[in-house]
Amino acid sequence: MKILSILFLVVIFLSACQTNKESVSAIDHSAHEPFRSQYHFTPATGWMNDPNGMVYYDGEYHLFYQYYPDSTVWGPMHWGHAVSTDMIHWEHLPIALYPDSLGYIFSGSAVVDWKNTSDFGMVDKPAMVAIFTYHDPESDRAGRVDFQTQGIAYSLDKGRTWIKYKNNPVLPNPGIRDFRDPKVSWNDISNQWIMTLAVKDHIEFYASADLKQWHKLSEFGQSIGAHGGVWECPDLFSLSDEQGKKRWILFVSINPGGPQRGSATQYFVGDFDGQNFISQDTVTRWIDYGADNYAGVTWSDIPASDGRRLFMGWMSNWQYATVVPTQLWRSAMTLPREVMLHKKHQGYELKFRVVKEIEDVQQEPRRYTGSAVVDNPLFRLDFNLEEAENEFSLTLSNDQQEKVVLNAKDGVLTFDRTASGITEFSADFPQVHKVDMRQITIRKISIYADLASLEIFINDGEHVLTELVFPNKPYQRIKLEKLNSQFTVYGIDSSLNE
Ligand code: FRU
């Protein structure tokens, strides 16, 4: 009997710690299969969706992510885990959080509890705390509506092993089906933790002194913004304007209802007084006007000496994410991007640029006029438009007549991937994406091409289009049609381990 009780305790302890249950060894054989992104994050094997728990601590950028290791389609959600010192080269680590009796581990965030408010760590050895949604599939199947609750877990060893809090859930469900994706940050105005939560068609803000007990502060959004789908994966943070005044930014992902249909992320710029968020206006703005950037949020705890607000999104769309033609894994993340304020006459907007760390894998520039065939299918391509030159057409193609065309004419930017390669896996994929450019004079285009994606930055990120493509051979032919057809190409080194 005694032996049995000891065994029981050992099992309980091991499942609480969730240590190294899985070692990731698949990276080598799967690194070079077709469509494996070469300088974007992909899981070695299995299904991935949203980035989760992005936090910086002690020299490491952590990326957790929605993960189902047993299949390449969505299933019981875990938090996969990777770390990086530059957000470009990633080291895969064992799964951080496994589903348990309270449910699957849905999206959420992580913070470093510097003041040890939770008492999980010590002030000189702070805990990393993850705040996530528990999704209980059984009570969902049983027809209940209160199956999503918020739970927490902590790590005392730089995110390597996690202990779930014994009194989970910390925020029970008030009787609403969609009640998820907590993004938590420390608020200096009110000296407490703020949780930003997506609740069906609006955002709710909660506060806590210790990450364990939460009370509701306010709601935002029921009658503002895009409402073509359910609200998910919010983020709340501030950026200083040129006068040093804090402007607050609220990201809200919605699915469906994005500018290219399907999933997308809208944002609001406004004010947050520690209690309520107020938007500067009622304009709907998107962090990306392409089809494939969803559920993105920003890193927590970037040191003040760095000062950047750093973002990464899931480079897919729920319209076809589960059927894209990859074999051993599904989905990649966007490149890491810095989020910046941009003053326009109709209020503040955001600009996004790829983090400067990309330059470490970027080769010397080569200049061309009109057209080129490049050796390296991984590249950054830049060109400028002269004043009053509002039109251009750019074609990227291979020798199998597969191509994408980016075109600007009459105030509309068009991205056509109808003939981009493998497209038949979903009728929603081979589409022409249009963006209204009447408010923007295009001066500069910068495109990052990987084996299965293009990230298009207009005017240093005033508008961004992130688009998946699945050409049977990479696009290595470039053709630019415009008055002055000079362009610059920087090859990019693969950041994957050989
Ligand atoms: C967004 C989302 C989240 C949820 C997670 C489940 O893509 O639907 O709202 O937490 O994915 O995997």
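User: What is the volume of the largest pocket?

Analyst: The largest pocket has a volume of about 990 Å³. This is a predicted model, in which local features need pLDDT of at least 70 and side-chain atom pairs count only at pLDDT 80 or more, while totals for chains, interfaces and linings use all residues. Residues are numbered from 1 along each chain as its sequence is written, and side-chain values use heavy atoms, with hydrogens and water left out.

User: What makes a space a pocket, and what makes it a cavity?

Analyst: Both are found on a 1 Å grid over the protein atoms alone: a cavity is a set of points where a 1.4 Å probe fits but cannot get out, whereas a pocket is an open set with protein on both sides within 12 Å along at least five of seven lines. Lining residues have an atom within 4 Å of a point. Points are joined across faces, edges and corners, and the volume is the space filled by probe spheres set on them.

User: Which residues lie nearest the centre of the largest pocket, and how many line it?

Analyst: The lining has 37 residues, with Trp-186, Asp-188, Asp-301, Ile-302 and Arg-309 nearest the centre. Strands that each supply at least two lining residues include β1 (46–57), β9 (179–187) and β13 (230–240); strands are DSSP runs of E of at least two residues, numbered from the N terminus. By class the lining has 19 nonpolar, eight polar and 10 charged residues. Here Ala, Val, Leu, Ile, Met, Phe, Trp, Tyr, Cys and Pro count as nonpolar, Asp, Glu, Lys and Arg as charged, and the others, Gly among them, as polar.

User: From which domains does the lining of the second largest pocket draw at least three residues each?

Analyst: Domain 2 (42–354) and domain 3 (362–492) each give at least three residues to that lining. The domain bounds come from an automatic or database domain assignment, which also gives domain 1 (1–32). The second largest pocket holds about 320 Å³ of space. Its lining comprises 23 residues, and Tyr-289, Glu-349, Asp-436, Gln-439 and His-463 lie nearest its centre.

User: Why is the largest cavity said to lie between two domains?

Analyst: Domain 2 (42–354) and domain 3 (362–492) both contribute to its lining, so the largest cavity lies between them. It contains about 110 Å³ of space, and the count of cavities of 30 Å³ or more comes to five. Among its 14 lining residues, Thr-326, Ser-331, Ala-332, Leu-468 and Phe-470 lie nearest the centre.

User: What makes a set of residues a nonpolar core, and which have the most contacts inside the largest one?

Analyst: The set must consist of buried Ala, Val, Leu, Ile, Met, Phe, Trp, Tyr and Cys residues joined through side-chain atoms within 4.5 Å. The largest core has 54 residues, and Trp-90, Phe-251, Trp-299, Leu-350 and Phe-352 have the most contacts inside it. Strand β2 (residues 60–68) gives the most to this core, with five residues. Domain 2 (42–354) and domain 3 (362–492) both give residues to this core, so it lies between them. A second, separate core of 53 residues includes Trp-248, Ile-442, Ala-449 and Phe-487.

User: Why is Ser-420 called buried, and why is Arg-443 called partly exposed?

Analyst: Buried means under 20% relative accessible area, exposed over 50%, and partly exposed in between (1.4 Å probe, protein chains only). Ser-420 has 0%, so it is buried. Arg-443 has 42% and therefore counts as partly exposed.

User: What is the phi of Asp-181, and why is Asp-181 called buried?

Analyst: Asp-181 has a positive phi of about 65° although it is not a glycine. Most residues other than glycine have a negative phi, and most peptide bonds are trans. Asp-181 counts as buried because its relative accessibility is 5%. Cys-233, in strand β13, also has a positive phi, of about 40°.

Technical notes. Helix = DSSP H or I, 4+ residues; strand = E, 2+ residues; numbered from the N terminus.
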